[in-house]
Amino acid sequence: MATLQSLAFSSPVSQCLQQPRLHSGLLCWGVHRIAESTFNGQSLRVSRPQWAPLRRCTQVSRSITMMVKPKIQFIQGTDEQTIPDVRLTKSKDGTNGVAIFRFEQPSVFDSSGEFGDITGFYMIDEEGVLSSVDVNAKFVNGKPAGIEAKYIMRTPRDWDRFMRFMERYANDNGLSFIKT
């Protein structure tokens, strides 16, 4: 019983590649259609791929910028309705900083039973998502009373990105910056 262990082309790969060709606006590399196999001395024919005709697109594509309302979430997909008190600290050299968010009676406690557990702290805007897992709940008499979340910025780039989010979030929620 014979088994096929390997299939080798008779010419090196560099010789198999032809010059690039243009087919309906696509750049393609062709491969020689015949290659020899070391199995039983038989030659192997590789058929030429069939190209489906491409229609030319006459419409001009335009990019669409979607404006996302800046929001905070503790459970992905569930927006936090409570507006936090935010405290910022920055190192003297300006390379890193910490933002501490304090939420009194956050709405996530009302919905956590039906939507799941708190999985982190997510700040979402049109640029993407900033996230942290440094989230602590405060309980009074066995009942949830608040949440404190920390977001650590380790580079000036992180700081700038966070400040862009906060500017959008503040504008959307009527917050103002007070330097103390």
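Here is a short chat about reading strands, a sheet and a pocket in this predicted model.

Visitor: What should I know before I start?
Guide: Residues are numbered from 1 along each chain as its sequence is written, and side-chain values use heavy atoms, with hydrogens and water left out. Since the model is predicted, local features need pLDDT of at least 70 and side-chain atom pairs count only at pLDDT 80 or more, while totals for chains, interfaces and linings use all residues.

Visitor: Which order do the strands of the open sheet have?
Guide: Strands are DSSP runs (E, at least two residues; helices are H or I, at least four), numbered from the N terminus. Two strands pair if DSSP finds at least two bridges between them. Here, an open sheet of 4 strands runs β7-β8-β12-β11, with antiparallel pairing. β7 and β11 (135-140) are at the edges with a single partner strand each, so one side of each has no neighbour in the sheet. From one strand to the next, the twist averages 15°. Inside the sheet, β8 (residues 97-104) and β12 (residues 143-153) pair over 8 bridges, and Phe-101 sits opposite Ala-149 in β12.

Visitor: Which strands does α3 lie across?
Guide: For angles, axes are lines fitted to C-alpha atoms (for helices over the stretch in contact, meaning heavy atoms within 4.5 Å), and they run from 0 to 180 degrees between N-to-C directions. In this model α3 lies across β7, β8 and β12, at about 155° to β7.

Visitor: Is β9 buried or exposed, and which way do its residues point?
Guide: In a regular strand the side chains alternate between the two faces of the sheet. Buried means under 20% relative accessible area, exposed over 50%, partly exposed in between (1.4 Å probe, protein chains only). In β9 (residues 121-125), 5 of 5 residues are buried. Phe-121, Met-123 and Asp-125 point one way, Tyr-122 and Ile-124 the other. β9 also forms a hairpin with β10, with 2 residues between them.

Visitor: What lines the largest pocket?
Guide: On a 1 Å grid over the protein atoms alone, a pocket is an open set of points where a 1.4 Å probe fits, with protein on both sides within 12 Å along at least five of seven lines; lining residues have an atom within 4 Å of a point. Volume is the space filled by probe spheres set on the points, which are joined across faces, edges and corners. This pocket holds about 680 Å³. Of its 18 lining residues, Val-86, Leu-88, Ser-176, Phe-177 and Ile-178 are the closest to the centre. β7 gives the most, 6 residues.
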